[in-house]
Amino acid sequence: MTDSRPAAVIVLAAGEGTRMRSARTPKVLHELLGRTMLGHVVAANRALEPDHLVVVVGHAREQVQQYLADLDADVTTVVQEPQNGTGHAVQVALAELPELTGTVVVVLGDAPLLTTATLRDLLEVHRRTGAATTVLSAVVDDATGYGRVVRDVAGAVVSIVEHRDADDAVRAISEINSGVFAFDSARLREALAQLTTDNVQGELYLTDVVGLHRSAGHVVSAHVAAAAYEVMGVNDRVQLSQARRLLNDRVVAEHQRAGVTVLDPQTTWIDVQVRIEADATLHPGCQLHGSTTVAAGAVVGPDTTLVDTEVGPDATVLRAHCVGAVIGQAAAVGPYTYLRPGTRLGRAAKAGGFVEIKASTLGEGSKVPHLSYVGDAVIGARSNIGAATVVVNYDGRDKHRTTIGDDVRVGSDTMLVAPVSVGDGAYTAAGSVITEDVPAGALGVGRARQRNIDGWVARRRGTSTDPANQGDEQP
Ligand code: UD1
Ligand code: CA
């Protein structure tokens, strides 16, 4: 809807957020599903394509400004100091946009669930009714803490009264102010100039613009949000977890509608940037974070965490923790597998139970089936790494590389002391400590020969007087 493109969006994010009780993280930088609250708000509003997207910052502004600079180079910030209320915040922002005409949208940095679709609906009502102010409201079960939308007998909006300034009759109203508005910029400037601090908090309330416009005879409209939860404000960590749950419900349902099988939405957490193709399956207890992608036919979980990991078509990832890994088509991972950054599993490769792999490539069809560590290694195609093999990549000071060719059979319990290479088709004997390169086709043996000492046990039993020592001493 290009005709309702706003001239400016102003995001209010200067408040301290004392109810979060955080000494480290400003309220609007707390995260839900891989994005900060402020990041969600900026993303939803960026899609409206405003001429200006301005964030009002104040408390912990260096941190918030740095975050925004990294997030979106076209966001501008305005400093509000001191923070004298939401009305004051908008005054400060508009002072930086003296030429601005047309529609101004004001949103709150602590309302992360609001969608672009609802903002578009608000703008459409604003445009259609020719209003000076259009408030986004919602009817909620528990209105405690929110400003209430007061209407006259005809149903027209009269004013917004903050919870703290409300009497019992007003507190009984279940229609709340979301804090989100569309304004005509010229009318907004007029009303902002008339705000007073005559309220319980002694602040300039943006919400008072509604009453001022109504008194001046301007059109005041309201758009009641279809999904009340979208306007939820997050003031403390209880509300943050509630918002995270609601957002996750939405994200999971979107994937389900797009063809992803999610067995247990309650225990499946999917960051907003994650991409999942149709016909992928997520078992209970999965957390998909960051830039993770899951291709068609892949089966992930139960109990798997994927961070910035790529899962190929028809791969299976079972009870695994994977960070920055690439899992190839039809590859198999798990159970109890830790894949660290730089791991690349080729087509139909396997990283099995109690296996840790870091910065290593496994070629097509190669397998590390059991109880192994592989670090800084390149393994060719169709090779098998026997159980309990360790790539000894670290000498206490430096990391070294290991190269293993195609069709290699590394025997169980081999120590591959890097830097070392094993050529195509070579074998290593079980229990070997391989410190020298093994040429193609050779068997590398690096272990002491076994000897059997006949009758040793009986002799030992006979000579020891202390039963606690039996069998402990070396011959
Ligand atoms: C505000 C609204 C209330 C509404 C609720 C919705 C006012 C006066 N009240 O109340 O009607 O129901 O949101 O969640 O507008 N901020 C600034 N500068 C300031 C003060 C606040 O930028 O000087 C920012 C905060 O960082 C925050 C947002 O504005 O992101 C809302 O402020 P907050 O103190 O949380 O307002 P509420 O009490 O929740
Ligand atoms: Ca709030």
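R189 is found in helix α6. Helices here are DSSP runs of H or I with at least four residues, strands are E runs with at least two, and both are numbered from the N terminus. This is a predicted model, where local features need pLDDT of at least 70, side-chain atom pairs count only at pLDDT 80 or more, and totals for chains, interfaces and linings use all residues. Residues are numbered from 1 along each chain as its sequence is written, chains are lettered from A and ligands numbered from 1 in the order written, and side-chain values use heavy atoms, without hydrogens and water.

- R189 is partly exposed, with a relative accessible area of 28%. (Buried means under 20%, exposed over 50%, and partly exposed in between, using a 1.4 Å probe and protein chains only.)
- R189 is in contact with L94, L97, P98 and L100, leaving aside neighbours within four places in sequence. (Contact means heavy atoms within 4.5 Å.)
- R189 and V90 are 99 residues apart in sequence, but 9.2 Å apart in space, C-alpha to C-alpha.

**Helices α3 and α6**
- Helix α3 (residues 86-95) and helix α6 (residues 185-192) pack at about 125°, with axes 10 Å apart. (Axes are lines fitted to C-alpha atoms, for helices over the stretch in contact, and angles run from 0 to 180 degrees between N-to-C directions.)
- That angle makes α3 oblique to α6. (Under 35 degrees is roughly parallel, over 145 roughly antiparallel, 65 to 115 roughly perpendicular, and the rest oblique.)
- G87, V90, Q91 and L94 in α3 meet L188, R189 and L192 in α6.
- The residues of this contact divide into 4 nonpolar, 2 polar and 1 charged. (Ala, Val, Leu, Ile, Met, Phe, Trp, Tyr, Cys and Pro count as nonpolar, Asp, Glu, Lys and Arg as charged, and the others, Gly among them, as polar.)

- D110 lies in the loop between β6 (103-108) and α4 (116-129), and N235 in the loop between β11 (220-224) and α8 (237-257), so the pair ties together parts 125 residues apart in sequence.
- D110 is buried at 12% relative accessible area, and N235 is buried at 18%.

**V274**
- V274 lies in the loop between β13 (269-270) and β14 (275-276).
- V274 is buried, with a relative accessible area of 0%.
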